[in-house]
Amino acid sequence: MLGTAPPPSVTPLLAPAERLAVRRPGAAATTPPSYWGALEPLLPQVRKPAQYVGGEHNQVVTPWQAAATRWLLCYPDTYEVGQPNQGIQILYEVLNERATALAERAYAPWVDLEALQREHDIPTFSLETHRPLWAFDVFAVSLPHELGHTNLLNLLDLGRVPHRAADRGALDPIVLVGGHAAYNPEPLAPFVDAAVMGDGEEVVLAIDDVVRRWKHDHLEAHADGTDAASPGPEARHVLLRRLADVEGVYVPAFYAPRYHDDGRLKRTVPVEPGVPALVPKRTVQDLEAWPYPRKQLVPMTETVHERFSVEIFRGCTRGCRFCQAGMITRPVRERRPETVQRLVEEGVRDTGFEEVGLLSLSSADHSAIGPIARDLADTYEGTTTSLSLPSTRVDAFNVTLSNELARNGRRTGLTFAPEAGSERMRAVINKMVSEDDLLRTAEIAFSEGWRHIKLYFMVGLPTETDEDVLAIAELGIETYLLARRHGRANKVTISVGGFVPKPHTPFQWAAQDPPEEIRRKLSLIRHAIKDHSGLKLRTNDPEEGVIEGLLARGDRRVAAAVERAWQLGARFDGWHEMPTLATWRQALEETGVDLAWFSYRERDQREALPWDHLDAGLDKDWLWEDWQDAQGDQQLDDCRWSACYDCGVCPGLSIEHDTGYTGGYRLPVLPQGLGGSDALPVTPERYAAGG
Ligand code: SF4
């Protein structure tokens with residue numbers, strides 16, 4: 001299928017004057033064509049055609065001429081994967097509430113539709129009105145992980161936008177990326193105009209202001225619509241320069257990497273006067289001011305999560321050393337319990353969803369999760385609405401919470417994430433869970449009627465030995481034997497994936513295990529549990545982490561491989577059914593990008609990292625110390641209930657350090673106005689009690 005992909009084309013569909021006509025702000029614009037008429041007859045030929053139709057409950061369709069700025073928000077995967085994405089839904093609502101802005105959405109077409117689009121000249125289109133990508137002012141792409149990079153290039157090319165930023169003119173959309181993978185956008189540097197780091201709510205409005213003013217200055221002036229009057233490349237430079245002044249926005253074209261003779265990075269330096277040497281992330285300090293999404297989009301067809309979701313807090317200070325999300329989203333910011341209750345009630349009423357998810361990185365850690373769970377369970381007791389808390393915390397309190405939330409349903413499955421099998425390995429990754437904790441929690445869960453426990457683990461962690469790997473099997477077997485003592489139908493599944501080191505974490509210096517080593521470790525586990533046929537083992541394909549690891553920690557030189565892999569037909573790099581690894585290996589060979597050098601090599605303290613000029617708020621010295629602590633099996637407590645260990649995040653936000661219940665200052669684990677810095681001392685006991 002990949003080999004038959006048509007060659008990429010960047011031929012503009014319309015002449016500059018016509019593109020200028022659709023880009024003008026407000027009523028002066030010509031409304032661009034809708035491709036629905038061309039698309040509809042093709043849909044019977046593709047799988048899951050409903051994903052391309054649009055028309056969801058709560059979608060917003062603003063007349064083209066009513067808006068000064070027009071955004072196309074994109075999740076670079078299929079609709080079924082991308083539609084539930086909270087980040088896109090929040091920005092969609094925030095932008096569409098603005099009187100002068102319009103936001104629509106796009107997802108990646110599956111390869112069957114892509115082939116038809118190329119054959120019938122149908123560009124990347126918006127879901128709401130099927131308008132073409134090239135007509136929008138901003139193409140904003142969410143990158144929650146690195147496996148959407150080739151899809152991004154494909155969407156641009158299919159959308160008649162040059163995939164290289166340097167080839168774009170003033171009349172092409174600005175291409176932005178955000179999300180966790182945007183914290184190292186260097187492998188995408190030649191393709192994106194800007195990367196946005198941090199929380200999106202405020203920064204999209206700041207970017208929208210910049211684009212609106214720039215359009216006023218540069219597009220309204222060319223009202224005669226002639227090619228000669230079209231703004232030139234210097235106008236695009238002005239726009240990029242203004243964007244670089246927005247906090248949280250990084251414009252790669254204004255920075256250049258310098259290398260040592262041996263190929264190591266020396267540093268990445270600004271090459272445009274006035275841009276910051278260190279680009280800070282953007283942090284929304286008060287989540288209460290941004291109660292989104294209020295009008296969640298209800299999917300037209302099956303998606304990976306079909307529920308109403310409320311983010312109950314953002315950030316995490318548990319300090320798991322492998323976890324990029326926990327590191328880059330600090331500090332912790334909670335939503336008030338009454339806001340959570342109101343958002344859930346309004347959302348369920350409006351959308352008709354029968355499942356509610358209380359989202360965060362570790363939902364059982366909200367300081368008022370007990371009362372939140374109890375009040376919601378009271379509200380929906382006896383109804384068909386079910387509540388879920390995607391928490392993997394390993395303790396009895398999590399079981400109590402799950403009992404509360406399962407009042408309306410059966411006690412089926414619970415998931416816990418010890419992440420590593422041995423106590424030593426858990427000390428290395430700072431996952432402070434003992435074997436006793438896990439077995440006691442499982443005992444409570446099975447005795448209270450839960451029937452299935454899933455345990456998540458990783459292999460390939462730094463300092464790991466075969467003994468550590470086999471401890472995963474032993475823990476799985478012990479839990480399984482315990483489960484059987486409570487009922488012969490009880491089940492245990494151990495799910496094991498390969499670890500991928502990520503930027504801005506203490507493990508950013510670590511060597512990644514090659515796939516053959518991951519495969520060997522998985523086979524050790526498989527062999528060790530072979531006499532317990534009821535204990536299920538789920539593993540990821542060891543090859544899956546190869547491209548993710550390369551793109552996570554690659555530098556600007558890796559971009560050549562991204563481009564070549566896409567040209568050779570790589571798409572949907574995270575999908576099992578897409579055999580992209582062979583394509584990638586060919587691309588790496590052709591471009592001379594050394595996978596082993598980028599991924600399987602440990603870095604030392606002196607080596608500059610490709611993301612050193614991007615500030616996630618964490619002190620690099622602290623990350624290094626934590627990396628050293630990891631190698632000495634030293635653990636670090638959560639700063640919500642112990643002393644601040646100076647990771648660097650709070651001072652940058654003018655937040656007082658948390659020195660915990662021993663006295664002094666506390667992290668604002670309660671939102672402003674609900675206690676804030678003068679709240680009750682935070683103790684582990686108070687956390688365990690849920691309030
Ligand atoms: S600066 Fe201190 S209190 Fe703030 S998140 Fe880091 S360790 Fe915790």
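A crossing of two helices is called left-handed if the near helix is turned anticlockwise from the far one by less than a right angle, and right-handed if clockwise. The structure described here is a predicted model, in which local features need pLDDT of at least 70, side-chain atom pairs count only at pLDDT 80 or more, and totals for chains, interfaces and linings use all residues. Residues are numbered from 1 along each chain as its sequence is written. Helices (H or I, at least four residues) and strands (E, at least two) are DSSP runs, numbered from the N terminus.

Two packed helices are described by the angle between their axes and the distance between the axes. Axes are lines fitted to C-alpha atoms, for helices over the stretch in contact, and angles run from 0 to 180 degrees between N-to-C directions. Helix α7 (residues 200–218) packs with helix α8 (residues 233–244) at an angle of about 155 degrees, the axes being 10 Å apart. The two helices α7 and α8 are therefore roughly antiparallel to each other (angles under 35 degrees count as roughly parallel, over 145 as roughly antiparallel, 65 to 115 as roughly perpendicular and the rest as oblique). The crossing of α7 and α8 is right-handed. Their contact (C-beta atoms, placed from the backbone, within 7 Å) involves Ile207, Val210, Trp214 and His218 of α7, together with Ala235, Val238, Leu239, Arg242 and Leu243 of α8. By class, this contact of α7 with α8 has 7 nonpolar, 1 polar and 1 charged residues; Ala, Val, Leu, Ile, Met, Phe, Trp, Tyr, Cys and Pro count as nonpolar, Asp, Glu, Lys and Arg as charged, and the others, Gly among them, as polar.

In α14, Glu435, Leu438, Leu439, Ala442, Glu443, Phe446 and Ser447 meet Leu475, Glu478, Thr479, Leu482, Ala483 and His486 of α15. The contact of α14 with α15 has 7 nonpolar, 3 polar and 3 charged residues by class.

With 21 C-beta neighbours inside 10 Å, Lys431 counts as buried (a residue is buried if 20 or more other C-beta atoms lie within 10 Å of its own, exposed if 12 or fewer, and partly exposed in between, with C-beta atoms placed from the backbone). Leaving aside neighbours within four places in sequence, Lys431 is in contact with Cys320, Pro418, Glu419, Ala420 and Arg426. The C-alpha atoms of Lys431 and Glu419, which are 12 residues apart along the chain, are separated by 7.5 Å.

Strands pair if DSSP finds at least two bridges between them. An open sheet of 3 strands has the order β10-β13-β14, with parallel pairing. Strands β10 (308–311) and β14 (386–388) stand at the edges, each with a single partner strand, so one side of each is left without a neighbour in the sheet. The twist averages 20 degrees from one strand to the next. Strand β10 is joined to β13 (residues 355–359) by 4 bridges, and Phe308 stands opposite Val356 in β13.

Strands β7 (residues 255–259) and β8 (residues 265–270) run antiparallel and are joined by 5 bridges. Arg258 stands opposite Arg267 in β8. The hairpin of β7 and β8 has 5 residues between the strands, and Gly263 in this hairpin takes a positive phi near 100 degrees.

Key:
Two residues are in contact if their C-beta atoms, placed from the backbone, lie within 7 Å.
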